[in-house]
Amino acid sequence: MERTNSMRRKAMARQHKAEVMIAGEQLRLRLHDGKLIKDRRYHLRTYPNCFVAQELIDWLVSHKEASDRATAVCLMQHLMDHDIVHHVCDKRPMFKDAKLLYRFRKDDGTFPFNTEVKVFMRGQRLYEHLIMDKDSILQLREEHGVTYQRSFPGCQFIDWLLQNGEAESRRRGLELCRALQENGIIQHVGRKHDFFDSGLLYQFCINFRRRRRLSELLNENERDSAEGVVVLTPEDNHHDSPFVVRKNPPQEQNSAFQSDVKQVTGGRRGSLNSLQLHASGFPPLAPLPSASVVRCNPKSVLKRNFTCDELLAPGAPFIKKVLTVIGDALGWGFVVRGVAPCYVQAVDPGSPAAAAGVKVQQFVCQVNGQCVLDLNYRTVTRLVMTGPRIVVLEVLEPLE
């Protein structure tokens, strides 16, 4: 019992760190989108990709991420304490509301990709892969008379890892699952057992898709005392949210992430399916994490469907482009839909995809040199998610 409690406390601490990482990355993307992060010159030296602390505090207060300047400073100090942000010269361990330059470690390559971070990124990637699976093992299941949403038997999860090349053997699969549990990525539905290659039920316990409000980070201790139950935001409870998180009374179904993947209603950067393609770590596709949440995108609806022959016909009103999308820790940031051919249905404005020139209504011809014109969006999504971090797309863009 003591060991279980200790493991739970460690998992909750690591889960909090994961929440901080996600919130920090979402903030970084929003600041890039808002042009607060840029090259700046100070004392005859240029500091690339940095921001002025005072300007950032102004932004946090004006965007209601913090109630006042003192709270905003506390939030940024929290990110500094978790190695998300640092002073450009590493001379100031404290975040000051002044004209000082700071930088996100992801922007200068100093982010500590230790084992813990790698496990987190692996867990996010696996989750995105699972929810995109047509016959996902994440299902409504029952254990000891209690029903749990989006749960899976331990043995079935290991089977899935083996089938998808995520583990070399059952022993390796078991080691991976226990690492995910120790890092607060998955947990036993009743929080009573370690991970076993058995019929015991487990769940993912991090909502990777929800856009974090920075103010939540300062209330983490209160959340921990509530047995790790995530405090809901209005966005979580929105009926369009692809991820609905709620805690039910004990006599009803236990808490879990309840979610229906919409065609393109809500998501955060992280998937080709986040909108429909997700990534994390480096392999899924964009859950939309940054500034704006894409609820719908009228322009992504094609005026009419095209056949592959029409796209490739001489004189067709399309221009061919080759785009290189370098995924970050949250994914690529675009969604594809359709069947032979697929087209881009949505793009997160602050994502790597947007920066690379990916646009709605573009038809996807090749992914990393492989022709995909005859494939459906699920197969194209899988190619991106299981491929390298850098995705080279050949697309056909409609002429204006």
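Asn368 is placed in the loop between strand 16 (363-367) and strand 17 (370-371), where helices (H or I, at least four residues) and strands (E, at least two) are DSSP runs numbered from the N terminus. Although Asn368 is not a glycine, its phi is positive, at about 55 degrees, and with a relative accessible area of 35% the residue is partly exposed, a class that lies between buried (under 20% relative accessible area) and exposed (over 50%), as computed with a 1.4 Å probe on protein chains only. The model is predicted, so that local features need pLDDT of at least 70 and side-chain atom pairs count only at pLDDT 80 or more, whereas totals for chains, interfaces and linings use all residues. Residues are numbered from 1 along each chain as its sequence is written, and side-chain values use heavy atoms, with hydrogens and water left out.

A positive phi of about 55 degrees is also found at His144, likewise not a glycine, which is located in the loop between strand 5 (139-143) and strand 6 (146-153). His144 counts as exposed, because its relative accessibility is 77%.

Strand 14 (residues 334-337) is covered on both faces, with Phe334 and Val336 buried on one side and Val335 and Arg337 buried on the other. Strand 14 pairs with strand 15 (residues 342-347) in the antiparallel sense over four bridges, pairing being assigned if DSSP finds at least two bridges between two strands, and Arg337 stands opposite Tyr343 in strand 15. The two strands form a hairpin with four residues between them, and Gly338 in the turn has a positive phi of about 100 degrees. Pro341 is found in the loop between strand 14 and strand 15, and the peptide bond that joins Ala340 and Pro341 is cis, with omega of about 10 degrees.

In helix 12 (residues 377-385), the buried residues are Tyr377, Val380, Thr381, Val384 and Met385. Seen down the axis of helix 12, these residues fall within an arc of 135 degrees, so they line one face of the helix, the arc being that of the directions from the helix axis to the C-beta atoms.
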